[in-house]
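Let's walk through this model together, one question at a time. Have a look at the fold first, then read on.

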Amino acid sequence: MENPSILSHVSLGTNRFDEAVAFYDKVLATLGIGRILDVTEHFPAIAYGRAYPEFWIQQPFNGKPAEAANGVHIAFMAKNREEVHAFYEAALAAGGKGDGEPGPRPHYGDAYYGCFVRDLDGHKIEAMAWLEGEVVSG
C-alpha cells in the first residue's frame, strides 16, 4: 500500500529525556502508537509510530536546551472519540497540562474531534479523530 502521508517524521526536543520517554510511552499507547526505533546507544532519541518511525523525542543534537515553539503543535490521529479522551486523560495523569479538553472543533471541519495538551517540556500536542458521517457537535 502506498503511504498517503506528506511527512516522513517530526522530532521534538526534550530537556527531560527519560521522563519524556515515559510520558510518550503512556500517552501514545492510547492511540496504538509505540516505540519503533531506539538509538539511545548512539544518541538520546526514541522514535514512535504504528508501522515506521514518524515521531521522535530526543535531546537537542546541538546540546543546547530544548524550547517549545509558539504556534507549533503535533497532532496524532485517533480512531474515535474514546481514543481522544484516553489520550487526554493519560497525558494529564503522566504530568502533562490540559490546553483544550476533548470535544468538537467545528472551525476545523464538521467531522473534527480533538484535544490539546502541553507535554513535560511545554510542547503542544493533540489527538484528533476525523469522524466523517457522525454528528460531532456535543
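## Around His123

His123 touches Leu12, Gly13, Glu67, Ala68, Val117 and Arg118, leaving aside residues up to four places away in sequence; contact means heavy atoms within 4.5 Å. This is a predicted model, where local features need pLDDT of at least 70, side-chain atom pairs count only at pLDDT 80 or more, and totals for chains, interfaces and linings use all residues. Residues are numbered from 1 along each chain as its sequence is written, and side-chain values use heavy atoms, with hydrogens and water left out.

Q: Is His123 buried or exposed?
A: Buried means under 20% relative accessible area, exposed over 50%, and partly exposed in between (1.4 Å probe, protein chains only). His123 has a relative accessibility of 6%, so this residue counts as buried.

## Strand S8 and its partners

Q: How many bridges join S7 to S8?
A: Two strands pair if DSSP finds at least two bridges between them. S7 and S8 run antiparallel, and Cys115 has Ala127 in S8 as its bridge partner. The number of bridges joining S7 to S8 is 7.

Q: In S8, what is the bridge partner of Ala75?
A: Strand S5 (residues 73–77) runs parallel to S8, with 5 bridges joining them. Within S8, the partner of Ala75 is Glu126.

Q: Why is S8 largely enclosed by the rest of the structure?
A: Look at burial along the strand. S8 is largely enclosed because, of its 7 residues, the number buried is 5.

## Helix H1

Q: Which exposed residues does H1 carry on the face turned away from its buried side?
A: In H1 (residues 17–29), the buried residues are Phe17, Ala20, Val21, Phe23, Tyr24, Val27 and Leu28. They cover an arc of only 160° around the axis (taken from the directions from the helix axis to the C-beta atoms), which puts them on the same side of H1. The face turned away from that side carries Asp18 and Lys26.

Key:
Helix = DSSP H or I, 4+ residues; strand = E, 2+ residues; numbered from the N terminus. Expected span 1.5 Å × (residues − 1).
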